[in-house]
Amino acid sequence: MIPPPTPDPSLDVTELQAIIDSSADCIKVLDLDARVLSMNAGGMQTMEITDFSVCQGLLWPTFWEGEAYAQVEQALDAARAGQTTTFEGPARTFAGTPKWWEVRVSPLRAADGTVTRLLASSRDITARKQAEQQLKAAQHQLRTHAQVLEVRVEQRERALEAFVRFTTQVASSTDLNDIATAASDIVRDAVGGAISGFYLVRGDMAYPVMFSSNTPPEVMAARRAGIALSSPLVADALSQRGTSFVGSEDGRRQSVGYASALSVTAYHQGEQPYALFAAGTPRPEWTAQEREVIESVGRGLGLALERAAQTRELTAQRDALKARTQELLLANEELDAFMYSASHDLRTPVRHVMSFADMARSALVNNQPDRVSRNLDIIQQGAARMNGLIDGMLLLSRAGRQDLHSRMVALEPLILQAQQDAQLEFPEQVIDVQLRAAVSVWGDARLLQQVMTNLISNAVKYSTTRDVSDIVVQVSETGTEWTITVQDNGVGFDPEYGGKLFGIFQRLHSQAAFPGVGVGLATVRRIVLKHGGRVFADGVVGQGATFGVTLPKPAS
């Protein structure tokens, strides 16, 4: 029978020290200045210290460097304040071996609770850190592989996207150059670098519109002279209304010294030859697969050309309808303006005439000749004002009814004539007109003369308060339109009311300050809208104004 265990008495100091010495953790007792007072035997072995005297009394923070040194100092400060801190950091052993440590710093207290010493325990976690680093390296390698795979997938997606873009472009584009370029690209890529070109028929020749990007310069130079429709390969393609092929010596004789295998696909509009798509390669013959590719691309190109022609026709009809609608809207707008003028602007001078006629009749009955004369003068002024308004309405109406005879028109002669007209209208005013860009625009010369005359006359009128009317005409252009601006140094206007200036009989200044009917800018607007352009104005009170128009460029 085994006797029951007897309770162990409390461990003595020697036994406790043996337990501490057997630990592989480096356990150090520090004074409050962090000097090393003692270290366990297992810790000395972990730190590769053979003689404790080499580290006794040393400041423990000196064992650390960099960011770890700062962590040690923070942990020591916390322990002095009675707190326990744990952190991880790198440090070398006394033999210079780099290791990672898990460190715990705690306060040691006296019986009264006062912190008298510090306890620092360092556990070697190098193996764990190495495993973590290996894991990170493996994860990085996996990410790298994933990125490589992602790039490969993206490359394939881009290749597929490029094919889809080509298909979409051929299916929806109406630009002949874009359609032909797409066809040339697919032939170049699918038929071993074959060169190609797209030609439009004019008379008995076909002239190039574009060449594939890989066409040699000498081939382009030779083909710019055109291809005769009577050449054997072209004539055969035209008669078949499809694609014809030739190779070997026969092909070389019909080429310009580059290709031996040639193909021509012919396209018609109705019964008339319209275009050719030609391809060639230095190899002596086309393979059966290459012929199928060229014929397939040729059929797709033919469908795209038919669709483009139909789209252009529909676009032309739509543009004509849009222009007609715009004209009708403008006509309705002018009709509203005329109705308003008839009921408001013309009624004012009529009321003056009627009122002062009554007053003149009364003065005549009462034998007051002076009042009769004054009233008759006012009646005459009212009649003149009414006559001016009617003339303005007729002028605006004529501007709207004139047919456009558009061509390229040089602006400089129009501006010089407008300056001469303004000088006759304002003979006492010094006028300086500067043209910043002498260009030509597309429009009706007679109507554009009215535009420039009205704009410059308007600029001079509202700068007669200055000694010199400084007027600057500038012209800028984009790919679709010209913009003409006329800037003056006159009285300007409040931009809030700028939208009213192009309306018939609309004025921002009194008749006494600046006489006029108020139809010049309305005429400008009418003519510019008839050309398909826009009008705009900008100004600052007392600092001049800028009036501008845009004119669209003709379709190529």
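Trainee: In which sense do strand β1 and strand β5 pair, and over how many bridges?
Mentor: Strand β1 (residues 26-30) and strand β5 (residues 115-124) pair in the antiparallel sense, over 5 bridges. Two strands count as paired if DSSP finds at least two bridges between them. Before we go on, this is a predicted model, where local features need pLDDT of at least 70 and side-chain atom pairs count only at pLDDT 80 or more, while totals for chains, interfaces and linings use all residues. Residues are numbered from 1 along each chain as its sequence is written, and side-chain values use heavy atoms, with hydrogens and water left out.

Trainee: Thanks! What is the bridge partner of C26 in β5?
Mentor: That is S122. S122 in β5 also has V103 standing opposite.

Trainee: And how does strand β4 pair with β5?
Mentor: Strand β4 (residues 98-109) pairs with β5 in the antiparallel sense over 9 bridges. Strands here are DSSP runs of E with at least two residues, helices are runs of H or I with at least four residues, and both are numbered from the N terminus.

Trainee: What about the hairpin of β4 and β5: how many residues are between the strands?
Mentor: There are 5 residues between the strands, and in this hairpin G113 takes a positive phi near 90°.

Trainee: Which residue other than glycine has a positive phi?
Mentor: E48 is one of them, with phi near 60°. E48 sits in the loop between α2 (41-46) and α3 (66-80). S248 is another case, with phi near 55°, and its place is in helix α8 (residues 248-254). Most residues other than glycine have a negative phi.

Trainee: Is E48 buried, partly exposed or exposed, and why?
Mentor: E48 counts as partly exposed because its relative accessibility is 34%. The cut-offs are under 20% relative accessible area for buried and over 50% for exposed, with partly exposed in between (1.4 Å probe, protein chains only). S248 is partly exposed too, with a relative accessible area of 32%.

Trainee: New topic! How many aromatic pairs does a search of the whole structure find?
Mentor: The search finds 6. Among them are W60 and W64, whose ring centres are 5.9 Å apart with planes at 90°, so the pair is edge-to-face. Rings of Phe, Tyr and Trp (its six-membered ring) pair if their centres lie within 6.5 Å; planes under 30 degrees apart are stacked, over 60 edge-to-face and the rest tilted.

Trainee: Are W60 and W64 buried or exposed?
Mentor: W60 is buried at 1% relative accessibility, and W64 is buried at 5%. W60 and W64 also form one aromatic cluster with F87.

Trainee: What about the rings of Y199 and F211?
Mentor: Their centres are 6.2 Å apart and their planes at 90°, so this pair is edge-to-face. The pair links distant parts of the chain, with Y199 in strand β6 (residues 195-202) and F211 in strand β7 (residues 205-211), 12 residues apart. Both Y199 and F211 are buried.

Trainee: Last one: which ring does the charged end of K129 sit over?
Mentor: The charged end of K129 sits over the ring of W100, 4.5 Å from its centre. Likewise, K553 lies over the face of W482, at 5.4 Å from the ring centre. To count, NZ of Lys or CZ of Arg must be within 6 Å of the ring centre and within 35 degrees of the ring normal.
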